[in-house]
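Please look over the sequence and the model shown below. The paragraphs that follow move from the chain as a whole to its surface and then to single residues.

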Amino acid sequence: MQADIVVKAVMVGLIFATAVTWTVWLAKTIELLKARRNVRTALRELANARNIEDALRQVPEGPVARLLEGAMAELSLSTDRMDREGIKARIASRLQQTEAAASRRVAFGTGVLATIGSTGPFVGLFGTVWGIMNSFIGISRSQTTNLAVVAPGIAEALLATALGLVAAIPAVVIYNLFARQISSYRALLGDGSAEITRLVGRDLDSGTVLVQRHLAAAE
């Protein structure tokens, strides 16, 4: 409480950064758990679906449902084209865009962890330097090297350093953890896109009623 105002500001900032880190950890952990559970359920439904119509009825609302909607939207827009391979390529492109958007959405907010992890030690170091500088100022004013004179500044410096590490280390660990989980989530979305592509290709090649209705609109 008797620290210099600058060191106090550094400490408060680092404490706030620590609170932000754990808030992001809690929020993103819950979000990722729900998202991955939803995608896994949707993948099971896709595996059981015989065609796009079955998939649309069975897949729960979520990222994979949006992939299906994107595929159906592109299929509808492509009814003036009879080239089935071209339709498949355009649907694959639409799926990639939707998949990338879902990945960006789930990764939103994790960048702050990288910022805290990279800047926290340097902010703490700034408080350390300031505290040591105050110690030297105290020595020059008192004309003595008595420990009672330099101890307050040294204590400020050590506490600022400790808080910098407390803020940075969990942020780096949590960021790396989320990076692996988001990569796993993207892989699940990729599996969903691949399954949808197979269903669309199967429907196009077999000429199901749904695909025939879309293609007939071009005639």
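Of the 219 residues in the chain, 42% are buried. The model is a predicted one. Its chain contains seven helices and zero strands, so that the pattern read along the sequence is α-α-α-α-α-α-α.

Consider next the surface. The chain exposes about 12,100 Å², and 63% of this area is supplied by carbon and sulfur atoms. One feature of the surface is a nonpolar patch formed by Trp22, Trp25, Leu26, Ile30 and Leu177, which together have about 450 Å² of accessible area. Helix 1 (residues 5–48) provides the largest share of the patch, namely four residues. Leu177, in contrast, has its place in helix 6 (residues 147–206). Is Leu177 buried, partly exposed or exposed? Its relative accessibility is 31%, and therefore Leu177 counts as partly exposed.

Helix 6 also holds Glu195. This residue counts as buried because its relative accessibility is 16%, and the cut-off for a buried residue is under 20%. Which residues does Glu195 touch, leaving aside those up to four places away in sequence? They are Leu46 and Ala47. The side chain of Glu195 also makes a polar contact, at 2.5 Å, with the side chain of Arg198.

Definitions and conventions
Residues numbered from 1 in each chain as written. Predicted model: local features only at pLDDT ≥ 70, side-chain atom pairs only at ≥ 80, totals over all residues. Heavy atoms only, no water. Helix = DSSP H or I, 4+ residues; strand = E, 2+ residues; numbered from the N terminus. Buried < 20%, exposed > 50% of the residue type's maximum accessible area, 1.4 Å probe, protein only. Areas by Shrake-Rupley, 256 points an atom, 1.4 Å probe, with all protein chains shown as cover. Patch = residues over 30% accessible without salt bridge, like charges linked within 9 Å, V, L, I, M, F, W, Y side chains within 5 Å. Salt bridge = Lys/Arg side-chain N within 4 Å of Asp/Glu carboxyl O. Polar contact = N/O pair within 3.5 Å; in protein donor to acceptor, adjacent residues only side chain to side chain. Contact = heavy atoms within 4.5 Å.
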